[in-house]
Amino acid sequence: MKTSILNNKKIKEGFYTLIAVIGLIIIWKIISLIVDKEILIPSPESTYQEMIRIITAPNFLLSVWNTLRRAIIGFVIAMTLGITLGMVGGFSNIVYYLFRPFVLMNKAVPTMAIILLALIWLESEKAPILVGFVVIFPILYENTVQGIRNVDKKLLEMMKIYKISRFNQLRDLYLPSIKSYIKGAMSVAIALNLKIIVAAEVLSQPRLSIGTSFQIERVNLNTAGVFAWAFITVILAGGLEQSLKLIRKDI
């Protein structure tokens, strides 16, 4: 019975998503007809043709892989340090307040400034990884800290009364508490990380990457090509999120 309800829910979600996508394509087509300038708003047909051209190009898979590789490396480093330091910061006020200025500063500094500094400090192949890390690290760090600090105080007090060991407190109380916080943060961070890295690649222009491909299409005034790469990036971001959901089920 429960499986049937879940399946029906998924079917409905898929149906509504399909209707929304079709509606957006219709609106897009109408706007492109009104504007009637491919260089401003390309039609869905020309964008689809550009997607086919891009996907069948010899270097397409390598460009996608190079960008995904940077996104995965930056995400794994940010997740590892964010969760580790977040747990330490959750238990220690000293560590929390030491990292607080960095977190607050990161929220205020424009992403473009971070990209430009990364380009000054690192070569074009590595700069996007640093940019992605700097942007998503505070998200993972803060959510981990909140997960530690928002544990059930009554349960914690009871564990102390019954002299439950620190290890068991961590395993049975703190880790379950931070799971929901970390899962939510990871979903936000993984898609944001890809978007930030592509933006950094547009400026750094590493050899064979999605960001560099965006820049090439812009220089050639191929707006349909820019739209096509944008849709490809959205699909990749969705794929990363779905992959993360499958991994999270086992956590």
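## Close-up views of a predicted all-helix model

View 1. H3 and helix H4 (residues 93–108) pack at an angle of about 120 degrees, and their axes are 5 Å apart. Axes are lines fitted to C-alpha atoms, for helices over the stretch in contact, with angles running from 0 to 180 degrees between N-to-C directions. The two helices are therefore oblique to each other; angles under 35 degrees count as roughly parallel, over 145 as roughly antiparallel, 65 to 115 as roughly perpendicular and the rest as oblique. H3 passes H4 in a left-handed crossing, meaning that the near helix is turned anticlockwise from the far one by less than a right angle, while clockwise makes a crossing right-handed.

A word on the model: this is a predicted structure, in which local features need pLDDT of at least 70 and side-chain atom pairs count only at pLDDT 80 or more, while totals for chains, interfaces and linings use all residues. Residues are numbered from 1 along each chain as its sequence is written, and side-chain values use heavy atoms, with hydrogens and water left out.

**View 2. The whole chain is built with 10 helices and zero strands.** Helices (H or I, at least four residues) and strands (E, at least two) are DSSP runs, numbered from the N terminus. Along its principal axes, the C-alpha trace spans about 75 × 55 × 30 Å.

**View 3. Helix H3 (residues 60–91) also packs with H6.** Their axes are 7 Å apart, at an angle of about 30 degrees, and the crossing is right-handed. The contact of H3 with H6 has 19 nonpolar, six polar and two charged residues.

**View 4. Helix H6 (residues 127–149) crosses helix H8 (residues 166–204) at roughly 165 degrees.** The axes of H6 and H8 come within 8 Å, and the angle makes H6 roughly antiparallel to H8. H6 passes H8 in a right-handed crossing. The residues of this contact divide into 19 nonpolar, eight polar and one charged.

**View 5. Ala191 sits in helix H8.** Leaving aside neighbours within four places in sequence, Ala191 is in contact with Ala237 and Glu241. Ala191 and Gly238 are 47 residues apart in sequence, yet 7.6 Å apart in space, C-alpha to C-alpha.

**View 6. Domain 1 (1–36) and domain 2 (42–249) come from the domain assignment of the chain.** Such bounds are taken from an automatic or database domain assignment. The C-alpha centres of domain 1 and domain 2 lie 27 Å apart, and the contact takes four residues from domain 1 and seven residues from domain 2. Between them the domains bury about 430 Å², 72% of it on carbon and sulfur atoms. Buried area is the accessible area (1.4 Å probe) that two parts lose on being put together, summed over both. Trp28, Lys29 and Ser32 supply 93% of the area that domain 1 buries against domain 2, more than any other three residues.

Conventions:
Nonpolar A, V, L, I, M, F, W, Y, C, P; charged D, E, K, R; others polar. Contact = heavy atoms within 4.5 Å.
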